[in-house]
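Student: I have a model open and would like to check the labels against their definitions. Could we go through it together?

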Amino acid sequence: MRRWGFFLIAILLVTGCWNPFGSKGNGGKNGGGSEINRELMDNLVDFLAFAYERREIEKYEEALDDRYLFEFTEDVADSLNLPPDEPWWGKEEDVRSTENMFEDPEVTNIVMDLSNKISEWAPIEEIRPREGGGVDTINAFVARFEPLIIVTVEKPGAEPTNWEVRDSWVDIWATPDPNYEGLWTILRIKEIRKPK
């Protein structure tokens, strides 16, 4: 068993053949008979998780705001040669990396459980520098989750290896979708190592 940062092993597995994005679902983490959608912030997190579970890159990309950032822990950012004052990557890099994982035939199982929310959604203002000078203020809400993530990799002739995340929290920022009224997107995810 090996431990990775949140971004590397990504996420989710739910068994069964129910389409969580359909309009007449019969189960799911957000309640029996309800559709997984982005109309509520908690549902947005479920939507992201199911997209990983089903390896549906289009749905995963849909859940992320165009201004999305994934902020890494210091050690992971350093290993990716990211600047210390900008330890993140944006939506394009995140989607490309996630799609590579989804398409890798050696990745045989992806499990992500984000059901353990350890703080309620709280309002926050995200301040971003604007190209050409100045700043933009983005209104959002943030909540902390304790993820369980397991990615199983099976290489030919070798025993399966499980890469796990159990020693981190993730803060997830949700913001109204600027393109679709009444829906939410993920503005930022920040991985935080639990104190030892």
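Tutor: Gladly! Let us start with Asn 81, which sits in the loop between helix H4 (74–79) and strand E3 (88–90). Helices (H or I, at least four residues) and strands (E, at least two) are DSSP runs, numbered from the N terminus. This is a predicted model, where local features need pLDDT of at least 70. Residues are numbered from 1 along each chain as its sequence is written.

Student: Why does Asn 81 count as exposed?

Tutor: Its relative accessibility is 69%. Buried means under 20% relative accessible area, exposed over 50%, and partly exposed in between (1.4 Å probe, protein chains only). Asn 81 at 69% therefore counts as exposed.

Student: What makes the phi of Asn 81 worth a look?

Tutor: It is near 60 degrees, a positive value in a residue other than glycine. Most residues other than glycine have a negative phi.

Student: Which residue just after H2 takes a positive phi?

Tutor: Arg 55, with a phi of about 55 degrees. Arg 55 lies in the loop between H2 and helix H3 (57–63).

Student: Why is Arg 55 called partly exposed?

Tutor: Because its relative accessibility is 27%, Arg 55 counts as partly exposed.

Student: How do you know that the length of helix H2 (residues 41–53) agrees with its 13 residues?

Tutor: The expected span is 1.5 Å times one less than the number of residues. For H2 that should be 18 Å, and its end C-alpha atoms are 19 Å apart, which agrees.

Definitions and conventions: Predicted model: local features only at pLDDT ≥ 70, side-chain atom pairs only at ≥ 80, totals over all residues. Heavy atoms only, no water.
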